[in-house]
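Good morning. Please have the sequence and the model open while I talk.

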Amino acid sequence: MALPAGVSKDSIRAVYETLAGGIGVSSAQITTTTATILSGASLTAAIDLSAGRLARIALPAAWTTANLTFQTSPDNSTFYDLYDAFGSEYTVTVGGASRSIVISLADFISVRYLKIRSGTTSVPVNQGADRILTLVLVP
């Protein structure tokens with residue numbers, strides 16, 4: 001599995017070994033998976049998070065400027081746009097390509113199936129080419 005330029009599995013593990021002391025995660029427990037936003041689209045296919053909790057998203061070197069929002073599903077059939085406790089769409093600020101973005105473990109602890117959107121529900125942003133996102137999962 002290819003990681004974005006400048007991001008290695010060892011660098012991901014090193015950060016989590018440093019941060020995970022309080023949550024008991026060893027580098028051997030960290031897994032990665034990928035999700036693709038196809039060219040001309042704004043949403044990934046469903047991602048099964050049964051292997052772990054979402055902890056980070058690494059963006060590719062090329063990225064059509066957009067923040068990330070999410071859809072979740074308990075059954076991989078019906079997906080719902082993700083909102084926070086205050087009624088705002090859950091949005092991750094991206095800031096640019098080739099970024100590795102830390103995700104709060106608590107925010108996705110109950111999510112089994114996930115879709116990642118480029119843009120928002122009301123203003124999705126189609127990507128200009130296939131974009132492969134690398135997701136880092138922890139137990």
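A strand here is a DSSP run of E with at least two residues, a helix is a run of H or I with at least four, and both are numbered from the N terminus.

Before going on, a word on the source. This is a predicted model, where local features need pLDDT of at least 70 and side-chain atom pairs count only at pLDDT 80 or more, while totals for chains, interfaces and linings use all residues. Residues are numbered from 1 along each chain as its sequence is written, and side-chain values use heavy atoms, with hydrogens and water left out.

Back to β4, which covers residues 68-73. How many of its residues are buried? Six of six are, where buried means under 20% relative accessible area with a 1.4 Å probe, counting protein chains only. Leu68, Phe70 and Thr72 point one way from the strand, and Thr69, Gln71 and Ser73 point the other way.

Now the partners. Two strands pair if DSSP finds at least two bridges between them. In general, strands of a sheet pair through backbone hydrogen bonds, either parallel or antiparallel. Which strands does β4 pair with? One is β5, residues 80-81, joined antiparallel by two bridges; there, Gln71 has Asp81 as its bridge partner. Another is β6, residues 91-92, also antiparallel over two bridges, with Thr69 opposite Thr91. Then there is β8, residues 113-118, which runs antiparallel to β4 and is joined to it by six bridges. In that pair, Thr72 stands opposite Leu114.

Next, an open sheet of four strands, in the order β1-β9-β3-β7, with antiparallel pairing. Its edge strands are β1 (31-37) and β7 (100-102), each pairing on one side only. Seven bridges link β1 to β9, residues 131-138, in the antiparallel sense, and Ile37 faces Arg131 across that pair.

Finally, the whole chain. Of its 139 residues, 42% are buried. A contact means heavy atoms within 4.5 Å. Among contacts with a separation of 6 or more, 78% come from residues 24 or more positions apart.

That is the tour.

Methods: Buried means under 20% relative accessible area, exposed over 50%, partly exposed in between (1.4 Å probe, protein chains only).
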